[in-house]
Amino acid sequence: MLRGAASFPLTERNRGDPEMPRQFPKVTLSDVDEEVRLMAEKVYASALKEEENKEAISLYTVPEDCPIGLQQAKERELLRELAEQHSEEMAKRKKSLKMIRSQSMQIPVCVDWARATPTPLVSPLFSCPSIPDSFPEYQRVTISGDYCAGITVEDYEQAAKSLLKALFIREKYSKLAYHRYPQTTARFLRSAENLKWREEDDVLPDICPCPQEGEDPYSMENIPENLGYELKMRDGIIYVYENKTALEENRPHCLPYPDLETFAIDMSHVLAMIVDGPTKTYCHRRLNFLSSKFYLHEMLNEMAELKELKGVPHRDFYNVRKVDTHIHAAACMNQKHLLNFIQSTYKTDADRVVLEKAGKKLTLKEVFDNLNMDPYDLTVDSLDVHAGRQTFHRFDKFNSKYNPVGASELREIYLKTDNYIMGEYFARLIKEVAHNLEESKYQHAEPRLSIYGRSPDEWDSLSHWFIQHKVHSPNMRWIIQVPRIYDIFMSRKLIPNFAKMLENIFLPLFEATVNPQKHKELHVFLKYMTGFDSVDDESKHSDHMFSYKSPKPEQWTSDENPPYSYYLFHMYANIMVLNNLRKERGLSTFQFRPHCGEAGSITHLVSAFLTADNISHGLNLKKSPVLQYLYYLAQVPIAMSPLSNNSLFLEYSKNPLREFLHKGLCVSLSTDDPMQFHYTKEALMEEYAIAAQLWKLSTCDLCEIARNSVLQAGLSHQEKKYFLGPNYLKDGPEGNDIRRTNVAQIRMAYRHETLCNELSFLVDAMKSEALGSQM
């Protein structure tokens, strides 16, 4: 049995005390059980070995367990259950658990959601004592008994404690970085601590609202004054000092500064969990139950949900808000759009100088002459930007699709912000895409723009491009993607170490926060930037095993690329400190939303579970029942792109999106790269249409996915209230305005009650052990 996860300390939340500064609670190696540490190292070593030996063709072919081994495991489990039956202690624990379960599942909701529904769905005769009268009447699926996990009490209690510990760890990292944490899960965690949840303890990101009609989105008036703080990078993290004296005396400004050792230790707890036998068995059974339960719910209540939707005036799938939560700006247009744009610019700007190469200035006509082609003769086939069979498991070939007709010169001219024409063509393309979104009214997008970390001037260049070309759109929010290409920079001798790359990425943001007067354009751009993304091929192998022994970024001078977890920690650490500094100034905060789980090691998803507000892809969750169950319990949002995966890593029919949706994970649909994967003008609607047809998704399913996309998007609190309803922060039917979301209240009640049931199992296990020891 896994030790070290049997107890969990209270997290430092500074519960509403304005005098108590927010600090990062640190853990030392002496606080960690040796078995947990060794187990985590074993998982890492196993993941490294798997990456070394894997074949591309079997990336997602997860081998089945040996039938003989399965039979032996069943026999061992049967023997343990027989032994339990003769154990007096186990009998007491079963009895205490039964008492606890008989009193649990009292959902604390007392609001009349029915006023938001156009038809009366609540029956006055409905009298289930454990469900509030304000919840809709529908056919519920319940299972009675003392405990429902199908494993021994000892294993059940062990698994529950491990899962609770992981949820506490994520809550700590989420709240310190001003990431969202679901209220329902937080309520149950407070219950586990015998504390009362308070609404003021809830932590949310601060996003700037969209400028009102008539307001200038590029206005540089009322910019905050200079604080005069000093900044210095230490161990890969920007530290803030109130003055030069504080810097000399090493007295940092009171902000939470994370450390690598604590992160590695926290991560080791979750790593040890995912290979713990009892925890895996428990999570696997619960996930199977969630899937089967939704099947029964759908069979029993599909017509009732449909009837509810038919009664909603002026709202259907087409006019509910949808956000493309994962899209790259350089590929946000479809291939036909790009082709038409290239041909139109050639007609009007053939003699315009657009490129400087090897000291020679070239006109657009000269560029095409050098390529031996006439733009008039181009077709989408000769443009060759669409991904196909040849890109499957070939990320290198996929990246080459960003070069129209295979020419890097055309990518430089049309798809870059920093070029000879100051990114004009790229800005025009994006504005045309934004215009289409504004015309559709109900669709929004969150395009990714790149900051590479090779120079600190990249931020000034990007913000100048944004303002000069007036790229802002009310239907777009911007995310900065940071490619994991330190090894390329080192091979070209562009930076001395990994710390310099981090400094180039984050120091300009701290400077613009401390002294916005000196960085006015960047200050304005940051209003419309909502988060960071970490991107690159996850299947790229790293020989380094991440741990508390990993070198500091200043000492990382080798040409080898750091591992994924190393990147994620240092990005999260700087975002967390930056968010706390910006919160002090009343400025907007940023979310961390990395690509994760598309390929590579399962350890990537563990890193993101601690550090990310939400993730893109998440396919590898299907390989780990423990992580999948944790992502469900913590309602970690996942932006999934099945058409993209179909061309790169996983054929469409095997994509787990439908399975995740049925189980209750918070999934949304996104396009990733319309230029490579889509054919129509409305790429996001194409994504929804194909998913609906292939998986036979109902209207309620589609609207639930759309609602999830708005929840996980970097939209302001005011916008989300307008799109989803004034109570959207609350869980269950209380937080749903069916007149705006078109999601049935029956579905919302089912999701909420099911999540409460799963969380109550974990809390009850802990309380039953305490009760059993008293009997």
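Accessible areas, as used here, come from the Shrake-Rupley method with a 1.4 Å probe. In this predicted model, the accessible surface of the protein chain comes to about 31900 Å², and 50% of that surface belongs to carbon and sulfur atoms.

The chain as a whole can be described by a few totals, which the table gathers.

| Feature of the protein chain | Value |
|---|---|
| Helices | 29 helices |
| Strands | 13 strands |
| Buried share of the 775 residues | 59% |
| Contacts joining residues at least 24 apart, among those between residues at least 6 apart in sequence | 76% |

The buried residues of α5 are Q183, T184, T185, A186, F188, L189, R190 and A192. After α5 comes N194, which has a positive phi, near 60°.

Helix α8, which spans residues 277–310, contains Y295. Is Y295 buried or exposed? With a relative accessible area of 55%, Y295 counts as exposed, because the term applies to residues over 50%. Together with L296, M299 and L300, Y295 makes a nonpolar surface patch of about 400 Å².

Technical notes
Residues numbered from 1 in each chain as written. Predicted model: local features only at pLDDT ≥ 70, side-chain atom pairs only at ≥ 80, totals over all residues. Heavy atoms only, no water. Helix = DSSP H or I, 4+ residues; strand = E, 2+ residues; numbered from the N terminus. Buried < 20%, exposed > 50% of the residue type's maximum accessible area, 1.4 Å probe, protein only. Contact = heavy atoms within 4.5 Å. Patch = residues over 30% accessible without salt bridge, like charges linked within 9 Å, V, L, I, M, F, W, Y side chains within 5 Å. Salt bridge = Lys/Arg side-chain N within 4 Å of Asp/Glu carboxyl O.
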